[in-house]
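Thanks for coming. I will go through one model this morning, starting with two single residues and ending with a chain and its contact. Please have the structure up.

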Amino acid sequence: MSKPKPKIKKEVVPMCKQDPKQRGRNFNEVAKGYTQEQVVAEAERCLQCAKAPCIQGCPVEVDIPAFIQLIKERRFDEAIKKVKEKNSLPAICGRVCPQEEQCQANCTMGKVGDPVSVGRLERFLADWERKQGYGIPDKSASTGSRVAIVGAGPAGLTAAADLAKLGYEVVVFEALHKPGGVLIYGIPEFRLPKKIVEAEAGFIEKLGVTIKMNVMIGRLYTVDELLEQFDAVFIGTGAGLPRFMRIPGENLCGVYSANEFLIRVNLMKAYDFPRSDTPVFVGEKVAVIGGGNTAMDSARCALRLGGKEVTIVYRRSRQEMPVRAEEVENAEEEGIILELLTNPRRLIGNGRGWVKAMECIRMSLGEPDASGRRRPIPIEGSEFTMDVDTVIIAIGRTPNPIIQQTTEGLEVTKWGTIVTDDNGKTSIQGVYAGGDIVTGQATVISAMGAGKKAAKAIHQYLMKK
Amino acid sequence: MYRIAMKQELVPHINLFEFSAKEIASKTKPGQFIILRIDENGERIPLTIADADIEKGTITVVCHEVGKSTKQLGSLKEGECILDLLGPLGKPAVIEKVGTVLCVGGGVMVAPLYFQAKAFHEAGNKVIGVIGARTESNIIFEDEMQETCDDLYVATDDGTKGCKGLGFLKELLKERKINRVIVMGPVITMKTVSELTRPHGIRTIVNLIPIMVDGMGMCGACRVTVGGKTMFACVDGPDFDGHQVDFEELMARMKMFIAQEKLAFVFHQEGGRKL
């Protein structure tokens, strides 16, 4: 007779967080991460399913059951190696991936209770490794070929890491003064500490990758010029252009794009002004327009910078909000107000160039639209005005256009994204692309998945050459 | 790190810098700008390029000490380095042969105006220069402009040198056949000149450097209304049709952080980062 199996807990092991009242006033990380005891307890909940449906949900195909098994055995060193076989940025993914829609959505445990918290396990391992100091992983012998990567965001860094491991000489060109792309300029410190982004970018440099800052491809060099010096080029320039609502009053003072607001706060550390030179203005009544992660990040930054009343204004209902579930919970705990089924009509100035109020209209939901979400319809006569002195517009980003404008023969869609095949190959030989520049605004992990695929395709292309 | 290859105080509080930046120098065209950051806590400062020397591998900018960051830049010495330098940014100015070009510059922007005046001259145009400053002692690049321009006028706000104010342009525009006007300077100067040329229907190009952060189209802080449409000065400009720009809005937007700028200035005067 076999031993009776220990009963598996249905509930996820909770993770310690900073107290909402306290954290609403600081930029320290909200979620504190698992302890060794907690991580093993959570790992014990994994059923080690033979079919591993979790892996199918992962855009970079991390061998999830294998690394969880190693955690159960407390072999953290081997566990992180297992993760890093597929994912070069685990401390980042453990924090910002929408796991509930990916690996965890497929978890068998989710059918009887909470899915296994794959993200928290991954985060623990990455943080554990960073504390120990990174080992340098095995690399293939040099191929003698050189690859240029445009953009040091999630797609570019992933492609760079994979190509370096395959023995290529890789140079990443980044226009900003720090690597990380959206990880450094977009996602706030309290959700993703910048020292973690710096450490993971540092790990990629340890693989032998050169990251050149302050180089804007399309202006300093064109893609054609890169092709004279490199055997292949990968474009991962992302979706970094802010969308505005095109309503009256949008250019009043006190009105920011979420990008401007977050770049000031995150990349330029305006939360430390005047020690840090870049200022940011946050008034008392802040409205953030949009329902995604960027909107939530902006609202939570505004709160931390002294906003007394910070309201998210979103035109659909809570169910349609694209934000990561954990973050909307965190935001509400901190006191962010949600004004749902509401859309701004115009911004009203105070006569001296500053915004003082916002006229909105209530919405109802109709049939699903092209995005699959129910279409918002204005309710005529429901207009109302709310007092605001700061407005942050977080309704999405569009692709960076510079490369497309300066690269002849590069096929582009009418939305400005670059056309590629399934493996990232563009219309120009030797030029590959991936991430938001191909798909339009999406997630960090999907961009990493695209970087991975393109690296594989570039390797195949250069092996044949 | 980018080295200051040469620094020269043109007049008190206005300095000329040559930065060693070989690659940027080889790609720079008149009308473009750079963004620099002095140190790890530094803000991103946009400055219009005033010259580029491919052989020496340097670019030139001229900067007026007006706030915390520009004052700090002014305190740096030849041979010292700044942390970051990005460029060239923005679309180059359209330099073409049109006949007679009137180049009007005010304050520190006379320096980058010279870069354009030179290019228009080399393209075979007759160039009339107008350089202005608040007062006589603030006039820069007079000799350089004198050399390049077929005619040069000097104007000061207080009348200490040359004409008092830009009112004389009214007559000039009537008397001379001018095919293109380039204005670089404070927003109010660009607005005034654009209004003066409007009745004559002369194409008037203004070079706008509003408040900006990244300088590559990401933040939208530099948005300006041009012909009723929102444009980003950093990627759609910096050159725009002066007759289409909403200068009132631009002037309001330029003041958005005025309180913070004062605070930073005072904070750093009082010992700054030691606090």
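A:Lys9 sits in the segment before helix H1 (20–23) of chain A; helices here are DSSP runs of H or I with at least four residues, strands are E runs of at least two, and both are numbered from the N terminus. This is a predicted model, in which local features need pLDDT of at least 70 and side-chain atom pairs count only at pLDDT 80 or more, while totals for chains, interfaces and linings use all residues. Residues are numbered from 1 along each chain as its sequence is written, chains are lettered from A and ligands numbered from 1 in the order in which they are written, and side-chain values use heavy atoms, with hydrogens and water left out.

Is A:Lys9 buried or exposed? With a relative accessible area of 61%, A:Lys9 is exposed; the cut-offs are under 20% for buried, over 50% for exposed and partly exposed in between, with a 1.4 Å probe and protein chains only. Not counting residues up to four places away in sequence, A:Lys9 touches A:Arg45 and A:Met109, where contact means heavy atoms within 4.5 Å. From A:Lys9 to A:Ser145, 136 residues apart along the chain, the C-alpha separation is 51 Å.

A:Lys452 belongs to helix H17 of chain A, residues 444–464. A:Lys452 counts as buried, at 14% relative accessibility. Leaving out residues up to four places away in sequence, the residues it touches include A:Val60, A:Glu85 and A:Asp162.

On to chain B. Its secondary structure comes to nine helices and 17 strands. The radius of gyration of chain B is 18 Å, close to the 19 Å from the globule rule for 275 residues, so chain B is as compact as a globular protein of that length; the radius is taken over C-alpha atoms, and the rule is 2.2 Å times the number of residues to the power 0.38. Of the 275 residues in chain B, 58% are buried.

Last, the contact between the chains. Chain B contributes 49 residues and chain A 43 residues. About 3800 Å² is buried between them, 58% of it from carbon and sulfur atoms; buried area is the accessible area (1.4 Å probe) that two parts lose on being put together, summed over both. On the chain B side, B:Met218, B:Arg223 and B:Met256 lose the most area to chain A, together 18% of what that side buries.
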